[in-house]
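Dear colleague,

I am passing on the structure below, and my notes follow it. Please read them alongside the sequence and the model.

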Amino acid sequence: MNGAGGRPRNAAVDTAVLATTIGLLRERGYAGLRINDIAEASGTAKTTIYRRWPTLTHLVVAAMQHALGERAFEATGDTEADLDSLVESGLGFLVDGRSDLLAVALDIHRQGDTELRSTYRQSIIDPIREQAITLIATAVERGELEENTQPDVMVDAVIGGLVYRSAILAEPLSLDQARAFWRSVLSPRRCQSPQPRRPSK
């Protein structure tokens, strides 16, 4: 990516600033985060930071995206396999030694900054949540799940349960346990003999 002046953007600078931002968020929380401190700790000029991320909100969200890593997901049509894959790509950080990022995320949501919370949700939470809702809705249409299943409620129950176990109970969570959890939530809604539902007239 090129900067405003047309020169190639230095990826090493991006990495240093984003990693420093996450480190300071872990150490001080959002309320203690200052651009001056990020600039000093990363060895980057404030003007360089502001050229890349015009506000602290943009920088914090970008830093979380960087820390979470690639979360690409592509549906295959197999509901169970797709949900397994989505749990791994979207919530894998809860089970692979990066659960401290959840504390950072919860701290962000405790802030009174509406723009920060909204931008974080749109950039990080909604993409995974909406994909999961679509998978559940498709399973309902195929007759795999009961017709009165509410996809958004099911998805929020799974995410909420996993976050509760990790953040509140502070219990270790494996990927297999995370997958088993969503199965246990959806199991009562499964149809014994799946039949595609006809569109309502």
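Which helices each supply at least two residues of the lining of the largest cavity? Before the reply, a word on the basis: this is a predicted model, in which local features need pLDDT of at least 70 and side-chain atom pairs count only at pLDDT 80 or more, while totals for chains, interfaces and linings use all residues. Residues are numbered from 1 along each chain as its sequence is written, and side-chain values use heavy atoms, with hydrogens and water left out.

The helices in question are α5, α7, α8 and α9 (175-186), where helices are DSSP runs of H or I with at least four residues, numbered from the N terminus. A search of the whole structure finds 1 cavity of 30 Å³ or more, a cavity being a set of points on a 1 Å grid over the protein atoms alone where a 1.4 Å probe fits but cannot get out. Its space comes to about 170 Å³, the volume being that filled by probe spheres set on the points, which are joined across faces, edges and corners. Of the 13 lining residues, Leu83, Val87, Ala132, Val155 and Val158 are the closest to the centre, lining residues being those with an atom within 4 Å of a point. The lining has 13 nonpolar, no polar and no charged residues; Ala, Val, Leu, Ile, Met, Phe, Trp, Tyr, Cys and Pro count as nonpolar, Asp, Glu, Lys and Arg as charged, and the others, Gly among them, as polar.

The largest pocket (an open set of points with protein on both sides within 12 Å along at least five of seven lines) holds about 450 Å³ of space. Among its 22 lining residues, the closest to the centre are Leu91, Leu102, Ile125, Ile159 and Val163. Helix α7 (114-141) gives the largest share of this lining, 6 residues, and by class the lining divides into 15 nonpolar, 3 polar and 4 charged residues.

Turning to the domains, an automatic or database assignment divides the protein into domain 1 (11-66) and domain 2 (70-186). In the contact between them, 11 residues of domain 1 meet 14 residues of domain 2, with contact meaning heavy atoms within 4.5 Å. The count between the two domains is 1 salt bridge, that is, a side-chain nitrogen of Lys or Arg within 4 Å of a carboxyl oxygen of Asp or Glu. Aspartate 100 and arginine 26 also meet through their side chains in a salt bridge, at 2.5 Å from N to O.

With best wishes
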